[in-house]
Amino acid sequence: MAHGGDRVSITVHMKPVSLGSPDQLRDSVRRARKQPKGRQPEVSALDAVQAVLGPRPADGHRRDLLIEHLHALQDNHGALHKSHLVALAHEMRMGLSQVYEVASFYHHFLILEDGQTPPHLTVRVCDGLSCSLAGAQVLITQLQAAVADRVRVAPAPCVGRCESAPVAVVHQRAIGEATLADVQACLSAGHSSIGSTPTQSATVKAWPTAPSAWCEPIHPQGVGMAAYIDAGGYQCLVDVVTARVPPQEVLQTMEASGLRGLGGAGFPMGRKWRIVRDQPGPRLLAVNIDEGEPGTFKDRTYLERDPHRFLEGMLIAAHVVGCERIYIYLRDEYHGCRATLAQALSELQAQPPCTLPTIELRRGAGAYICGEESAMLESIEGRRGEPRLRPPYIAEKGLWGLPTLAHNFETLYWVRDIVQHGAAHFSQQGRQGRHGWRSFSVSGRVREPGVKLAPAGITLRELIDEHCGGMAPGHDLYAYLPGGASGGILPASLADVPLDFDTLQPHGCFIGSAAVVVLGHLDRARDAAWNVMRFFADESCGQCTPCRVGTAKAAALMQADVWDATTLQDLAHVMGDASICGLGQAAPNPIACVLRYFPHEVGASPDGLP
Ligand SMILES: Cc1cc2nc3c(=O)[nH]c(=O)nc-3n(C[C@H](O)[C@H](O)[C@H](O)COP(=O)(O)O)c2cc1C
Ligand code: SF4
Ligand code: FES
């Protein structure tokens, strides 16, 4: 920089650039500061966003509704266009980077450059473990050859319908036991009802409403409000709210029942209620229906059948614990459930059995990690679903820093029965000294997959023989995953171990959400392990290095015919010891199990060492 009299000049690449006098320089800086910062919204994009969101409320759009707004924009425009994100940030009085970092976190949001045309339609094919066993890869290849010129074909992680694998999802319509012909028929049904393939000028024109053939309907067998009330529904809630059954008695009943959280962690429900109840109000309730653990589909099954039983349990919990507001977080993949739940909630609001707390139904956006409770709270607050460090625990500081009771859908589903019929109704169930019943989501090589309500402590062999009609024809039991992707893999020789919380840890596994995937003698445990490790690598939120790098590196190493067991074990130790949340901590389980129980498959010695 050279000073020449009262003028300032800067030499860049030998070319002098004059900035004028110091006063002129100060003026131009002042002018620049008055300019609005960052990219400014285009009028057409603002119009488009306002058309979807409606006029901005006087106190601004709620920040926590960001993900809902992103969904609304994508539903209306087929994707998230960058100009719309700029306009949305403006409308929400947020920085563009804040909007962008959320939109880009969730798998279900598709961000496009302006002018890019969104895919006309997306067909997702689940390539989770149960669907892969049932031929998902073949279906993907067939679809790519047959329809990929007209629709986007994308693999997807478990969509929660493993009992009818392989599953394809055309827009928002799931097709079980899907074949190429089924998917083509569904595509044609939708096309014929909307006419020809729509063309788009990307930024302004709204996306046509999806035809019903591509949308999941309300489940036809679901119990509606009238039938539920006719069968005595909501009486239990009324008894609790009017103190005919006092809250202390409900608490004692829940504790005596021994019901433990059915989302995976198994924390005793009654104890959790007491902890949250003892916190200063206001308190909140967050319901976890993210059901992302591959192999798990129990919550969906019960929700489709009997939504009001769940709502009654939820309202009893909210009343006893003193929760003022309730947030229900439902995974995006469950379109039919969303319609079912929205209808049940409006029925409830139209005919409330008691004064209702505020209830909000929130829509996930395709991120498995949002099932982890603190990540779910982040997502409900409208942020990236990154798990929080603990302490503080969410029971003390949860949503917006307030004490929060978080429960899995199914845990709340059983509340009414237990309060109504007493603790023993639940605790007297069980085998081999275990208590209660468990809803096993069984898939893979069994004759009759599905949700099986069975006593806690039942063994895998009993579960298959008594509840699943035996093994699928042509398959002999070889191995099983007792707790979805996270819970490890056990050999057939351990098919007589009682299945419950705490019974599988000595074998390096856990039951988690009781998602049982059964492998036959033609399958390999190493393929299952690789499938779930790729899932973890895709779903890691990336916050901690051991998990982000470790899962990806492990997935790469697990492809080798002969495993580098030393490196994999090192990775497994670091992931298990140094990850913030359960995803990274459980990700090494498949590696450890293959080395321990199936070393012959990966060229390792029986003690797992190279
Ligand atoms: C990676 C990860 C994913 C999880 N996914 C779910 C889920 O999809 N649904 C669920 O209810 N719990 C899930 N959990 C467990 C929750 O963190 C939490 O323990 C549970 O929702 C609490 O409810 P409960 O006590 O009724 O089980 C997950 C945990 C981890 C670590
Ligand atoms: S362990 Fe994995 S998923 Fe969990 S916080 Fe760390 S990076 Fe995210
Ligand atoms: S629906 Fe495909 S693995 Fe679960």
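**Around the ligand**

I started with the shell around ligand 1, and β13 gives the most to that shell, with 3 residues. The model is predicted, so I note the ground rules: local features need pLDDT of at least 70, side-chain atom pairs count only at pLDDT 80 or more, and totals for chains, interfaces and linings use all residues. Residues are numbered from 1 along each chain as its sequence is written, chains are lettered from A and ligands numbered from 1 in the order in which they are written, and side-chain values use heavy atoms, with hydrogens and water left out.

Which residues are closest to ligand 1? I find G263, K272, H407, N408 and T411, out of 19 residues that surround ligand 1 (near means that a heavy atom of the residue lies within 4 Å). I sorted the shell by type and got 5 nonpolar, 9 polar and 5 charged. For that sorting, Ala, Val, Leu, Ile, Met, Phe, Trp, Tyr, Cys and Pro count as nonpolar, Asp, Glu, Lys and Arg as charged, and the others, Gly among them, as polar.

Next I looked up polar contacts (pairs of N or O atoms within 3.5 Å; within protein, one must be able to donate a hydrogen and the other to accept it, and residues adjacent in sequence count only if both atoms are side-chain atoms). A polar backbone atom of L262 is 3.2 Å from an oxygen atom of ligand 1. For a backbone N or O atom of E291, the distance to an oxygen atom of ligand 1 is 3.0 Å. With N408, a polar backbone atom is 2.8 Å from an oxygen atom of the ligand. Ligand 1 exposes 610 Å² when taken alone, and the protein buries 90% of that (Shrake-Rupley areas with a 1.4 Å probe; for residues, only the protein chains shown count as cover). Two elements give two or more residues to the shell: β13 (404-408) and α24 (582-586). Helices (H or I, at least four residues) and strands (E, at least two) are DSSP runs, numbered from the N terminus.

**E291 and its surroundings**

I went back to E291, found in the loop between β10 and α13. Its phi is near 30°, a positive value in a residue other than glycine. Most residues other than glycine have a negative phi, and most peptide bonds are trans. Is E291 buried or exposed? E291 is buried, with a relative accessible area of 7% (buried is under 20%, exposed over 50%, partly exposed in between, with a 1.4 Å probe and protein chains only).

N288 is in strand β10, and it is buried too, at 13%. A polar side-chain atom of N288 lies 3.1 Å from the backbone nitrogen of D290.

Then I checked helix α13 (residues 298-305): 7 of its 8 residues are buried, so the helix is largely enclosed by the rest of the structure. Among the buried ones I noted R300, Y302 and L303.

I place E177 in the loop between β9 (173-175) and α8 (180-194), and E177 is exposed, with a relative accessible area of 53%.

Where are the cis peptide bonds I noted? One joins A165 and P166, with omega about -5°, and P166 is in the loop between β7 (152-156) and β8 (168-170). Another runs from G281 to P282, with omega near -5°; P282 is in the loop between α12 (269-277) and β10 (283-289).
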